[in-house]
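Q: I have a new model open on my screen and would like to learn how to read it. Could we go through it together?

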Amino acid sequence: MLISTRGRYALRVIIELCSHGKGEFVPLNIIAENHESIVALLVKAGFVEGLRGKKGGYRLTKDADEYSVGEILKLTEGTLAPVTCLEENAESCPRSAECKTLPMWEKLDTIISNYLYSVKISDLLKPESVSDWVI
């Protein structure tokens, strides 16, 4: 699985907003120009909200521990599946009944999802806790 620049930027935007107070609006120029399209996607998904005007900006709609890395990456990537046959709404593979590798891919998919959904944005704000993360 390869996480795109878009996915990494979405995480950076959420982390940037977390570093400010939950109720504080952060101007887009502080968030960074190359993150502008990501902010629009996050607003549309309800992860952040915006306020126009001189004191406007963007802020989180939830606390940092209510956002998982998995949900943000799934929003930006569309899927976390390691192979196309496991993507949501994928057409049924005619080889799935005799596919020797399918169980491996299914287990990897479960591991990836469980792990990424277990990591909260609040965990990323305290990097000293990285060694405590369960794989």
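**Reading the model step by step**

Q: Where do I start, and what share of the 135 residues in the protein chain is buried?
A: Start with what kind of model you have: this one is predicted. As for burial, 31% of the 135 residues in the protein chain are buried.

Q: How many helices and strands does the protein chain have, and what pattern do they follow along the sequence?
A: Count the elements, then read their order. Here the protein chain has six helices and two strands, and the order along the sequence is α-α-α-β-β-α-α-α.

Q: What does the C-alpha trace span along its principal axes?
A: For the protein chain, the spans are about 60 × 35 × 20 Å.

Q: Among contacts between residues at least 6 apart in sequence, what percentage join residues at least 24 apart?
A: In this protein chain, 66% of those contacts do.

Q: How do I read the surface, and what part of it belongs to carbon and sulfur atoms?
A: Take the total, then the share by atom type. The accessible surface of the protein chain is about 8,700 Å², with 53% belonging to carbon and sulfur atoms.

Q: And how many positive and negative side chains are there?
A: The protein chain carries 16 positive and 19 negative side chains, and the centres of these two sets are 4 Å apart.

Q: How far is Cys99 from Leu80?
A: The two are 19 residues apart in sequence, and their C-alpha atoms are 21 Å apart in space.

Note on methods. Residues are numbered from 1 along each chain as its sequence is written. This is a predicted model: local features need pLDDT of at least 70, side-chain atom pairs count only at pLDDT 80 or more; totals for chains, interfaces and linings use all residues. Side-chain values use heavy atoms; hydrogens and water are left out. Helices (H or I, at least four residues) and strands (E, at least two) are DSSP runs, numbered from the N terminus. Buried means under 20% relative accessible area, exposed over 50%, partly exposed in between (1.4 Å probe, protein chains only). Contact means heavy atoms within 4.5 Å. Accessible areas come from the Shrake-Rupley method with a 1.4 Å probe; for residues, only the protein chains shown count as cover. Lys and Arg count as positive and Asp and Glu as negative; His and the chain ends are not counted. The place of a charge is taken as NZ of Lys, CZ of Arg, CG of Asp or CD of Glu.
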